[in-house]
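Me: Could you walk me through how the chains in this model touch each other?
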Amino acid sequence: MKPSPRTLVLFAVLALLAAVPTLAAAFNQPFYLDLFRRIMIFAIAAASLNLILGYGGMVSFGHAAYLGIGAYAVGVLAHHGIHNGWLQWAVAIGGSALVALVIGAVSIRTSGIYFIMITLAFTQMLYYMGISIEEYGGDDGIRVAKLSQFEGLIDLANPTAFYYVVLALLAVVLLLVHRLVNSRFGMVIRAAKSNDARTRAIGFSPYPYRLAAFVIAGAICGLAGALLVNQTAYLTPEFMNWTRSGELMFMVILGGIGTTAGPLFGAAALLLLEDLLQGWSLLPKLVHNFWQFYLGIVLVLVVLFAKRGLAGLLRGSKDGADG
Amino acid sequence: MILIIEQILNGLQLGVMLFLMAAGLTLVFGIMNLVNLAHGALYMVGAYLATYFFQATGSFVLGVALALAGTLAVGILTELVALRTLYERDHLDQVLATFGLILIFNELIAMLWGRAAIYSALPEYLQGHLEIAAGLRYPLYRLLIIVVGLAVAAALWYVVVRTRLGMLIRAGASNRTMVAALGINIRLLYTVVFGFGAALAGLAGIMAGPIYAVQPGMGELVLIQVFVVIVVGGIGSIRGALAGALIVGLVDTLGRAFLKPFLATVTTPTAADAAGPALASMLIYLLMAVVLALRPEGLFASRG
Amino acid sequence: MLLHKAVLAGLVAGLFAAAPALSQQKVKIGFITTLSGPQGVIGNDMRNSVELALDHLGRKMAGLPVEIIYGDDQVKPDVGKQVADEMLKKHQVNFVSGVIWSNVMLAVSPTVTGAGTLMVGTNAGPNQLAGKDCNERHFTTSWQNDQTPEAMGKYMQEAGINDVYVMAPNYAAGKDMLNGFKRYYKGRIVDEVFTRLGQTDYQAELSQLRAKNPKAVFVFYPGGMGISFLRQYSEAGLRGQFPLYSVYTVDELSIPAVKHAALGQLETRYWSPDLKNPANQKFVGDYQKKHGRPPSFYGAQSYDGMMLIDSAVRAVKGNLADQKGMIAAMRKADFNSTRGKFSYNTNHHPIQNFYLLKAVAGPSGKDPVMEIQKTVFANHRDSFYKECAMKW
């Protein structure tokens, strides 16, 4: 089976990402290692959102909550002297899954606009809780002095090693999501998205499937949160701000919803665009000072006219979820 | 006792402000099935225009009228240019496109008026207090807000229940296709409804100007509370918007005022000190979660 | 399809190449602040002041041209850290300065000092960086956060004011303000009310306040919250009833939005536009001429930040590799600060005066202005320097 253009570009991008550390060293620009690593972490978060939003049609405005929970799991354990990476990340994933189960159980009973609002509300609750807990700095946050420790295996303090860990995890997540949506489980989710009534008519109750997808998405995003707090070496409730949920949604749509490669393209596009609009000193003052204006215009135009996103520019495979 | 009455009055006033915002938004949600995150932007536009026109003309009333007209114009323009294409789209597209609109509006305002908050004047005759009961002096302006809000609620009720336009709105909320099939110009109806909603949001912004900070991004602070109101009240229902707004306004106000003292009676003062404010911030979200758990369509859902 | 790959490769290569070449002949300063959103008004003031300082210096320090790079932290610690990373690794700056918010500072400062670069903070003064996490590469030209409410606490204690009602937003800075206040104020506090962060309507809290009937009210409401609170306090008729004291609530940036509602407000601060010393008169005068309004304290601190850096560069005669020399020079605080003479404590935070300021009517019907009433603290040290291990 000949791979589609979209798949080929995805592999090319992944290969390029693998080459970034070497290129960064060659050009003496270590900053780009950090930048691309950050892009990949958000790509993992966006991929998890794509699972429920792109394929499942569940517009969750509260997805940033899981970034926060994953981050807090690592940060809080580190604060209390527990630095074992395996344990921290397991708690991050497990904790996020648990919270997703609770939030999902209540929210998925609703649909449409109600679902959007209630997921937003839950995130706000968690955000205000995070601000109130003084022990962990409240909104001041706390520094994570020692990163997740993986004794003898990997030292995350080594930027290149950390980079490759994230890259590997990204590849695993993308593959996982791809397999999931092409499985029988995924078929039900996608069917329920396009026609809920008919799905029920043929005997599937979407609720448990949706809930399962919601929990899986939460867990993956929790992992992204654990990675993010290691990247920033700082824990803050700002990870759970509702505007961050909006950013994640933008990455998904910018990249192309319902595609495997979309989240990665979208995360790269948004973060690079932000960096460019703010940083490029060649841009006129008018753009510099009001860069969010131009970002807003780009976003509206993409939604109105380029709905299928960056991945949509490439032809996807006929059989399979991309399309 | 006086304090409790005063707080109830405060809750009513907050509720009424929320109602003005919620009424427009719930109509748009209900009739056009459009999630409009940029509703807060229209509120901001109303506040800025009122400030500007009051300063330019020297007359508060004229300023309000011009601001209302201006917000209506901005609303209709936005609908024609950006939102028309979104009616057919799914909620995700609507959320994202209107999120982009928020950025555009905030920055436009910042380009025109700067990022600093501006001063929104309150005319002399609206300052001062009224002694409504023994020992209870209430700000005149706040009372005005309650009166205006209730008047608008009554007017909306009249329009929706007693006029042909209202009938079309109710019909459109229940079955859009049928209404179109009956030969009604749905596009025009949508524009009218959106304009209504924009004017209501603008009115809320106009009233908010003299008491809240008028700055870019002011809409988002109120927007989330408005969402809670609509969800609690039921989407598409004006009655729901009013009920939801009053409930949220009262719960939030009474929570902020009395939750900590109440907690102090059941637990230690230090625990109450810590938990009280945190719980009070989350109270309206908890309320929403409870309502949705019991009635997923809200209290007065208009659609079956 | 090959075209896509080529374009992508070209883009990536272009990004790397677009970075400016290393140059040893310039003084490169990275300035991190908030330039977007409503708080961008503060960042604007800081940037204006930095530009003014550089203009006053002739855009040179010890004969070397100065290149300033601004970064926007969007009020987010992780974005602030990324901006700092970019300044350190991509632009390879010699100094990082600025930072409004404590949580951003707590993420940025260790990044900068950990990379071996000097950090000159010009606003946020979280107690960790003044105490146990103090670092020889971190200096601040503003204050330690708690100092300002401490001054208010001392004033109210000495004035014998009792029955104080305290209000602040429910977040870390709000709690810090209250702690600082209580360190020096030993009188009776009627109630401590923490409101929701970003709250716009305070009517409920004002009703509670009136019912409690305190003798004075002390609040901390920065930014838009302060504007809303002040308007509502004034319109509720409470101005005449209960004297209002505050910190970081009324300043040159918020006065234009509240106007007469600010009249009579009492605040404590280490600086005021009417402070009479040559450096300040020049700074305020030129700022007023250029921008049509007085600068804020955020601006004064940022102006001083540039002057501090200049004093260090001059002391080592432009040899930026001599960091020890620059640190030694900065410790002397040997420059003309807008606040007059001050010295550095062992934790690189200023030992300075604090004054009681009052908002009085401006000249001929213009906006109110802040004026110094008296000195509350002379040479006040912050409360955390003993936890700092540095000795020199």
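**Chain contacts**

Me: How many salt bridges are there between chain C and chain B?
Reply: Between chain C and chain B the count is five salt bridges, a salt bridge being a side-chain nitrogen of Lys or Arg within 4 Å of a carboxyl oxygen of Asp or Glu. One joins the side chains of Arg196(C) and Asp252(B), at 3.4 Å from N to O. This is a predicted model, where local features need pLDDT of at least 70 and side-chain atom pairs count only at pLDDT 80 or more, while totals for chains, interfaces and linings use all residues. Residues are numbered from 1 along each chain as its sequence is written, chains are lettered from A in the order in which they are written, and side-chain values use heavy atoms, without hydrogens and water.

Me: What area do chain C and chain B bury?
Reply: Chain C and chain B bury about 3100 Å² between them, 48% of it on carbon and sulfur atoms; buried area is the accessible area (1.4 Å probe) that two parts lose on being put together, summed over both. Arg196(C), Arg231(C) and Glu235(C) supply 20% of what chain C buries against chain B, more than any other three residues.
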